[in-house]
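Morning, everyone. Let's get the fold up on the screen and walk through it together.

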Amino acid sequence: MDRPVKLYDLHPSPNNIKVRLALAYKKIPYEIIPVDPRDRTPVIKASGQSLAPVLLHGETIVYDSFAILRYLDGNWPGSPRLFSEDRTRHKTIEEWEQFTRAECGPPVGMTFGQALEGKVDPDKRRESNARINRAAARVEAALADGPYLMGDAPNAADLTVAPMLSLAVLSKESAAGNPLMQFFLENLKIDNAPKTRDWIGRIMAWDGRR
């Protein structure tokens, strides 16, 4: 696959992190095109829509992080696989993807909304923390059986869930100088789940843009 790979990337977004992790895991060289959240014009010109990430592979354009991971696996099958040839395992990966949408995404979105408003809603804060801790408890239970969500090797499930939960385990060092990350540090927190925290750290370490 000698066509160049470029990624329109909105740096702190979990969905963008997911794609960067997939590219790193599969050892696919790529060029970053940073996205300014205040001006999505380049993304719209490239893909006809305003959301990042967007992958450019030669003349091929792919948007939506879930679609991008499938494109990478279909076009670079010789590198570590993100999905599985086994139907049952593949369905389980998709269940983790849906878990991220339904269980991890909403509390992150609630916190992001409060950050944009510039104020904390105590009720939303309690709800978002309760929900993110319930999500972490499920991950903690899955990690009791191995170092990754589905055993001894990572796949698309790990790369999808970890970036979303990572916003609830930020350190003072990682949030320093970034008002949005500082807001997450102060208002969204996984209280326990040591296996989950360790797993997030191992997955996120692949992201060269951290």
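Start with a quick one: which residue stands opposite lysine 6 in β3? It is leucine 56. Keep in mind that this is a predicted model.

β1 covers residues 5-9, and β3 covers residues 54-57. They pair in the antiparallel sense, over 4 bridges.

Now widen the view to the sheet. It is open and has 4 strands. Read across, the order is β2-β1-β3-β4. The pairing is mixed. At the edges sit β2, residues 31-34, and β4, residues 60-63. Each of those pairs on one side only. From one strand to the next, the twist averages 20°.

Next, the helices on the sheet. α1 lies across β1 and β2. Its direction is about 155° to β1. α3 lies across β3 and β4, and runs at about 135° to β4.

How do these two helices meet? Two packed helices are described by the angle between their axes and the distance between the axes. Here, α1 is residues 14-25 and α3 is residues 65-75. Their axes come within 9 Å and cross at roughly 10°. Angles under 35 degrees count as roughly parallel, so α1 is roughly parallel to α3.

Who makes the contact? From α1, we have Asn15, Lys18, Val19, Ala22 and Leu23. From α3, look for Ser65, Phe66, Ile68, Leu69 and Leu72.

Conventions
Residues numbered from 1 in each chain as written. Predicted model: local features only at pLDDT ≥ 70, side-chain atom pairs only at ≥ 80, totals over all residues. Heavy atoms only, no water. Axes fitted to C-alpha atoms, helices over the stretch in contact; angles between N-to-C directions. Helix = DSSP H or I, 4+ residues; strand = E, 2+ residues; numbered from the N terminus. Parallel < 35°, antiparallel > 145°, perpendicular 65-115°, else oblique. Contact = heavy atoms within 4.5 Å. Pairing = 2+ DSSP bridges.
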